[in-house]
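Hi everyone, thanks for coming. Let's walk through one structure together, starting with its sheet and then visiting a few single residues.

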Amino acid sequence: MILSLTVNGDHLTSTADPATPLVDVLREEFHLTGAKPVCREGFCGACMVLVDGTPAPSCLMPAALAQGCEIRTVEGLAAKGALNPIQQAFEASDAVQCGMCFPGMVVTLTHLLATMPGATRDDIRAALTGNICRCTGYERIVDATVLALATT
């Protein structure tokens, strides 16, 4: 079976088994390695992508279910090479340490900015519930998101 997927605005095809997790198709066939298959159980957030604009753990989504959806990965968030506001704020605030969780957090927080432009620090923390970072105390990540909210 050939899967037809729309990823970051590009129409791509895959010959993967339809039950293959989307994260594996993204990484292995499309060479989009931003989504990280860390827990493979959907609780760490490292593989988060936007599916029709909503954050979803790509480790839990069979690739066949992504057909007909608009998939946006962290690589697709920068417009014409310019970082989006969250990416810019993460860089300016030095919010990332090891980088394993960062793509999923950027995806999640990009969605937050788009849907809740008046988000509070508590809203930011609540949005990050599904994203685990083992390196930081989250405060620089929250600070970076506040900075992004102020600049948008």
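Before we look at pairs of strands, here is the rule: two strands pair if DSSP finds at least two bridges between them. Helices (H or I, at least four residues) and strands (E, at least two) are DSSP runs, numbered from the N terminus. With that rule, β3 and β5 pair in the antiparallel sense, over two bridges. In that pair, L50 stands opposite R72 in β5.

A word about what you are seeing: this is a predicted model, where local features need pLDDT of at least 70 and side-chain atom pairs count only at pLDDT 80 or more, while totals for chains, interfaces and linings use all residues. Residues are numbered from 1 along each chain as its sequence is written, and side-chain values use heavy atoms, with hydrogens and water left out.

Now the whole sheet. It is open, has five strands in the order β2-β1-β5-β3-β4, and its pairing is mixed. Because β2 and β4 stand at the edges with a single partner strand each, one side of each has no neighbour in the sheet. On average, neighbouring strands here are turned by 40° against each other, direction ignored. (Axes are lines fitted to C-alpha atoms, for helices over the stretch in contact, and angles run from 0 to 180 degrees between N-to-C directions.)

At one end of that order, β1 and β2 run antiparallel and are joined by five bridges. There, L3 stands opposite S14 in β2. Then β3 and β4 pair in the antiparallel sense over four bridges, with M48 opposite P57 in β4. These two strands form a hairpin with two residues between them, and D52 in the turn has a positive phi of about 50°.

Helix α3 lies across β3 and β4, running at about 35° to β3.

Let's turn to the loops. Contact, by the way, means heavy atoms within 4.5 Å. N8 lies in the loop between β1 and β2. Is N8 buried or exposed? N8 counts as buried, because its relative accessibility is 18%. Not counting residues up to four places away in sequence, N8 touches several residues, including L32, E70 and G76.

P62 is in the loop between β4 and β5, and is partly exposed at 25%. The C-alpha atoms of P62 and A19 are separated by 4.7 Å, although the two are 43 residues apart along the chain. Beyond neighbours within four places, P62 is in contact with P18, A19, T20 and L22.

Next, S93 in helix α2. S93 touches R140, A144 and L147, again leaving out residues up to four places away in sequence. Its C-alpha atom is 5.6 Å from that of A144, 51 residues apart along the chain.

Finally, some backbone angles. Most residues other than glycine have a negative phi, and most peptide bonds are trans. R40 has a positive phi, near 60°, and D94 has one of about 50°. R40 sits in the loop between α1 and β3, while D94 is in the loop between α2 and α3.

How values were computed:
Buried means under 20% relative accessible area, exposed over 50%, partly exposed in between (1.4 Å probe, protein chains only).
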